[in-house]
Each structure stands twice: as structure tokens, then as C-alpha cells.
Amino acid sequence: MMTEATTVDYDGLIPNNVGLNQDQRVRKALEVWHPGYIDWWKTMGPDGFQDSLVYLRTAIGVGSEGWAKFGFVKMPEYKWGVLLAPQVEGRTIPFGAHKGEPAWQEVPGEYRSMLRRLLVIQGDTEPASVEQQRHLGATAPSLYDLRNLFQVNVEEGRHLWAMVYLLQKYFGRDGREEAEDLLRRRSGSEDSPRMLGAFNERTPDWLSFFMFTFFTDRDGKMQLAALAQSGFDPLSRTCRFMLTEEAHHMFVGETGVQRVIQRTCDAMKAAGIDDPYDIARIRALGVIDLPTIQKKANLHFSLTLDLFGNEISSNAANAFNAGLKGRYREDRLTDDHQLLNASYPVLRLKDGKVTLDDAPALSALNMRLRDDYVADTEAGIARWNRVLERAGVGFRMSLPHVAFNRGIGEFAVCHADTDGTILTADQWAKRSKDVLPSTEDNQFIASLMQPVRDAGRYAGWIAPPRIGIDNMPGDFEYVRIEG
Ligand code: BYC
């Protein structure tokens, strides 16, 4: 049974469904944080479009249907708010040592620092992605894509609000300091970088953006799904609502790459080119050759795998045991949800070979979530391949081996080919340009990044979408750039 209204209070400065009007202390703390956030958005958010009118969706409820309203908004005036999925009455802790006890409505003292760390890491990724994408507006391939970029950006901003609310409400002074620090760190900064590796990388072009939203936002989905199982009920409710927004971000990535592949296939067909490796001729058509798209996928997949942490992790075991972070779809799994005697197969590097070893299931939870992620990603790749099948082009996209190009975990110490073969440093030095984007590849992609700003028109390297956002017609002006 659900309790609480699913509508959102829009009267105050901060739209919310958490009763901020009755909670002076937290409301005050958020109102103090608000100007710093707006300042961050204006200086680190989308560059050059702060006065444009953008056709954005805003959440107006948290029910399963009809939570979004579309309309033209200037981004700094977007209604960022605090939205939690409705409380489920009688909810119990679904896993770990406290399984079956009533879900916590307050922070359990013994797990305070562990929980704070999880919130801060999650919170840190959200503004980081906005910073990484801030220059992309200048080269958008259409107004439709420009609008999708901004939608993703404002929602990542809202996800930051979601974590900041939890920090401010449940962690007092420490929480306020963490909330300030989330606005202080910067993606790619030498002195004060974002916390996780992939969030300090550059997103230099639109193919990178689509790959990022396909691969890295999907890590967001998996991590949020694991946190949505949390025994700390406010975190569970927050993540459940964030997941409804995350779906659009992955749609942007998946269909973005799909449209790039489609356009390349169409151009090859029109020019009578059958060989996908006839790269110079294909590039001369002004489209991105399929092997280069594969290299970009290799890069983004491997960077994203690093976000799952070490295969064997006591942090992950402790968070599960404490009831704070579960497994993907914990509620649909049918084991004892405690895993004290269970094992799980883990890929390891042994005597220079990739081997599968059983490890205690509790320690292997990062590996397990990563496996679930890989399976989810495979399904998306299969949808890309349907475009290639339909076009009759002899090329298929695939995921590289999990040992390929890793910076964290078991395989960080070795070089591996895309099929998992371990390579020497010399072999890797020769091979890497064939499997990761080279400077030349990146320069070619950069040369295509010319903005298209007429409603209904698209850059030559990407096909138009099949349907418009909110069912708008093909020539709809999604962004009124002059405001
Ligand atoms: N970079 O025991 P381990 C998203 C550190 S994306 C740098 O394996 P654990 C989004 C680790 O902190 C989802 N350092 O770690 C997507 C630890 O340090 P300490 C974000 C790393 O904790 C797109 C040490 O190495 N949410 O939402 O088991 C757009 C030992 O490692 C990295 C979350 O990640 C790294 N990649 O696993 C916008 C959920 N990996 O403590 C948004 C919350 C590990 O020894 N986070 N280290 O000093 C977690 O659940 C876990 O902290 C992690 C790491 C899965 C990240």
C-alpha cells in the first residue's frame, strides 16, 4: 500500500513532495545552498544557452503515470526539486544482517559514515556529467539533440539535489559540508577532481556523448537500482524516482548511436560501398565509419566498467551486510538475501591468464553488479545490430572483453586485447590504435561537429529520429536559441 500524495508542492522556492514547508531546518539549509547551486549551473552548466528557451519536461508528480509536464523553460529557471517515490507502508529491510526488520526512516548510527560515503559518491557523479558536457551545445547536430542534451543536464542537476537533500536532512553539519564540496569539485581538475575516474574524462564530441549516455548512464541505472533496494528508506525512495528519469538518458544514448549507424549505412549504400573497412572512402562521405564507432564503444565500455570498483570488495560486502546497498533487482531474487555461505564466480588474472574462480558471494558483489550491467548492455548492442542487419551491411557491433583497457580492479595491472588475450606492453603499444580511438580518429570526428540550428534539419553524420519528443512534429523548434 502506498501512502502520501504523489503530487508535488510547487509553492516555495524548492518544489518537493517531502513536506519542506513543515521542515524549517532543512528548508533553510537548502535555501542557503540554492544560490551556490545556481551559480555553479551558470558557470559550469551548458555554455552559451542560459537565456535560450528549451522545451523541457519537468516532474510534477511521482506516480507511475503522468509525472511529467512539457513546456519552454530557461534552464536557470528550471524547477529543480526534491522528489521521492511514495513511501511503501510496512516496508522491511530486504537483505543483509537486518533482513526483515522495519526499513529505517532515520540513519542507523553504526552505518552513518558508510551511508554518507555512498551518498557523496553518487552525488558527485551528477554535477560531474554536466561539467563534462558543457561545451557540446556549440556543436549540436540538431535542435532535437540540443534539447535532449539539456534535458539530460537539468535532470542530472536534479539528481544532485536529490543527494543533497538526503545529506542536509540526515547528516547535519557534516551533510552541509559535503553538499558544499559537491559544488566545489570539478570534472578534470588537477587540484579538486571528481571522485570517480570516468567522470574526469572529456566528452569532446557528440558520439562521445551518446556513448556516455548509453554506457555510463547505464552504470547509473545499475547503481541506483542497487541503492533503490536500500534498507534506509529515504534513499530507496529517492533512487526509485531517479530511475524513472534515467530511462530517458539511456534512450538518448541508445537511439543516438543507432542514428549514427543508420546514417553511415545509408551513405555507404547510396555510394555503393560494401566494405565497412574502406574507411577513407566512407569518411569522404562525411559519415563516421563503423570501425571507429566500435572503437568509441570499446573506450566508453571499459571506462564505465571501472566504475564498478574492485571485483573483490570488502566495502561492497559491508554495505550489503548493513542493508544499505543491495543487488540489482534484489526483490526479484529468490535466495536467502544474506549470502553468508554463498559463492559467486569471479574473473581473475592468474599466472598471466584470465580464469574464473569461485569467491565468497558477499565479497563479489561489485562483480555481480558488473555482470548484470554487461547483460543489460548486450541487449542494447543487439538493438544496434538490428540496424546493421536490416541495412545488409557486413559488420556487427560487440562488447570488448572485461579485461580490456582497465584502470581499476583485477585487470588494471595487465594489457588485454578486445577478446581477452593478454598482451605484452609492446604488443599493446602496436595494437591500441586499432581498438581505441586514435588522435586521427578523434580529429576526423571533431571535423564533423558543425552545429545545425534550423528546426527539422540534421547534420550529415546522423539520421533524424523516428519520432519527436512529446510527439512533436519533425520541424518543431525544440530550442529557441535567442530566448
Ligand atoms: N575511480 O572496494 P572498492 C551515475 C576506490 S554513475 C576512483 O572496489 P567499492 C551517473 C573506492 O572508492 C553511478 N576510485 O570500492 C552516470 C575505494 O576507495 P576507499 C554512481 C575508485 O566501494 C552518468 C577503493 O577504490 N554511483 O550515477 O566497493 C551520469 C577500493 O575499491 C573507483 C555509484 O557509484 C573508480 N572508478 O566500489 C550521471 C554508487 N572504484 O574507500 C550519473 C555508489 C573504486 O578505499 N558507489 N575506487 O578510499 C559505490 O557503490 C562504490 O563506492 C563503488 C566502488 C561501486 C563506486
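Does aspartate 417 count as buried or exposed, and what is its relative accessibility? Aspartate 417 counts as buried, because its relative accessibility is 11%, below the 20% limit for that class. This is a predicted model.

**Aspartate 417**
- The residue sits in the loop that links strand S5 (415-416) and strand S6 (422-423).
- Its side chain makes a polar contact of 3.0 Å with the side chain of arginine 431.
- Leaving out residues up to four places away in sequence, aspartate 417 touches His401, Phe404, Leu423, Arg431 and Val435.

**The three-stranded sheet**
- Strands in the order S2-S1-S7 form an open sheet of 3 strands with antiparallel pairing.
- Strand S2 (68-74) and strand S7 (479-480) are the edge strands; each has a single partner strand, so one side of each lacks a neighbour in the sheet.
- Strand S1 (residues 53-59) and S2 run antiparallel and are joined by 7 bridges.
- Within this pair, threonine 58 is opposite lysine 69 of S2.
- Helix H3 (residues 143-170) packs on the sheet and touches S1, S2 and S7. The direction of H3 makes about 40° with that of S1.

**Helix H12**
- In helix H12 (residues 439-448), the buried residues are Asp441, Phe444, Ile445 and Leu448.
- These residues lie on the same side of H12, because they cover an arc of only 95° around the axis.
- Exposed residues Thr439, Glu440 and Gln443 are on the face turned away from the buried side of H12.
- The buried residues of H12 pack against helix H5 (206-227), helix H7 (279-284) and helix H8 (290-305).

Terms used:
Residues numbered from 1 in each chain as written. Predicted model: local features only at pLDDT ≥ 70, side-chain atom pairs only at ≥ 80, totals over all residues. Heavy atoms only, no water. Pairing = 2+ DSSP bridges. Helix = DSSP H or I, 4+ residues; strand = E, 2+ residues; numbered from the N terminus. Contact = heavy atoms within 4.5 Å. Axes fitted to C-alpha atoms, helices over the stretch in contact; angles between N-to-C directions. Buried < 20%, exposed > 50% of the residue type's maximum accessible area, 1.4 Å probe, protein only. Polar contact = N/O pair within 3.5 Å; in protein donor to acceptor, adjacent residues only side chain to side chain. Arc of directions from axis to C-beta.
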